[in-house]
Amino acid sequence: MAAPYHGHCLCGAIRYRVTAEPLTYYACHCTDCQRRTGAAFGLSMLVKQEAIELLQGETVPYTATLRDGRIKAGRMCATCGTRLWGGLDGRAVRVLQPGTLEGPTGLAPIAHQWMSEAQPWVVLPDGTRRYEKSPADPMEMVKLWREAHPRPPPKAD
Ligand SMILES: [Zn+2]
Ligand SMILES: [Zn+2]
């Protein structure tokens with residue numbers, strides 16, 4: 001599959017589409033992501049802010065200030081509480097929750113980070129790229145994604 005990708009919240013009040021290919025997509029096993037999702041790990045699909053088009057409903061903001069001062073914020077459905085995307089309003093990039101996409105999209109995480117905090121029963125396939133913490137260079141996930149998903153050359157007129 002290729003963009004646009006369609007998505008919706010659990011109750012269906014919010015419907016959206018993503019009009020461009022993601023910048024990257026990775027899994028994070030840190031304890032913040034475990035708490036944030038109430039699950040074993042978080043999935044982050046980075047997309048350009050303008051690529052998210054709201055088709056139906058109104059999202060509401062959520063925000064959390066962590067003990068170290070970091071602010072986690074984003075948008076969710078007011079009715080069912082599904083988190084749709086993170087990122088402060090006005091930022092160029094949003095962190096889409098890919099579980100809200102209508103699948104299968106054919107997209108898979110390029111890497112798994114914070115394996116040092118992963119639940120002990122999480123077993124990844126051989127050959128999966130993994131990091132004990134997060135990569136030293138924050139652009140590394142984007143570079144890996146680009147290498148694995150090269151853009152087709154522009155069409156000649
Ligand atoms: Zn909803
Ligand atoms: Zn995390």
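Trp 114 is partly exposed because its relative accessible area is 23% (buried means under 20% relative accessible area, exposed over 50%, and partly exposed in between, using a 1.4 Å probe and protein chains only). Trp 114 sits in the loop between E10 and helix H2 (140-148). Helices (H or I, at least four residues) and strands (E, at least two) are DSSP runs numbered from the N terminus. Although Trp 114 is not a glycine, its phi is positive, at about 60°.

This is a predicted model in which local features need pLDDT of at least 70 and side-chain atom pairs count only at pLDDT 80 or more, while totals for chains, interfaces and linings use all residues. Residues are numbered from 1 along each chain as its sequence is written, chains are lettered from A and ligands numbered from 1 in the order in which they are written, and side-chain values use heavy atoms, with hydrogens and water left out.

## Two cis peptide bonds

Most residues other than glycine have a negative phi, and most peptide bonds are trans. The peptide bond from Ala 3 to Pro 4 is cis, with omega near 5°, and Pro 4 belongs to the segment before strand E1 (5-8). Gly 103 and Pro 104 are also joined by a cis peptide bond, where omega is about -5°; Pro 104 is in the loop between E9 and E10.

## The zinc site

Which residues hold the zinc ion (ligand 2) as protein donors? They are Cys 28, Cys 30 and Cys 33, each through its SG atom, at 2.2 to 2.3 Å from the ion. Donors here are N, O and S atoms within 2.8 Å of the metal (3.2 Å for Na, K and Ca); water is not among the atoms, so sites may look incomplete. Along the chain, the donors follow the spacing C-x1-C-x2-C.

Cys 30 counts as buried because its relative accessibility is 11%. Cys 33 is buried too, with a relative accessible area of 10%.

## Two buried loop residues

Thr 82 lies in the loop between strand E7 (71-77) and strand E8 (83-86), and it counts as buried because its relative accessibility is 16%. Leaving aside neighbours within four places in sequence, Thr 82 is in contact (heavy atoms within 4.5 Å) with residues including Cys 9, Leu 10 and Thr 100.

Gln 97 is placed in the loop between strand E9 (93-96) and strand E10 (112-113). With a relative accessible area of 13%, Gln 97 is buried. Beyond its neighbours within four places in sequence, Gln 97 has contacts with Tyr 16, Arg 36, Leu 43, Arg 83, Leu 84 and Trp 85. From Gln 97 to Ile 14 is 83 residues in sequence and 13 Å in space, C-alpha to C-alpha.

## The chain as a whole

Now for the wider view. The chain has two helices and 10 strands, and read along the sequence they follow the pattern β-β-β-α-β-β-β-β-β-β-β-α. The C-alpha trace spans about 45 × 40 × 30 Å along its principal axes.

Of the 157 residues, 37% count as buried. Among contacts in the chain with a separation of 6 or more, 54% are between residues 24 or more positions apart.
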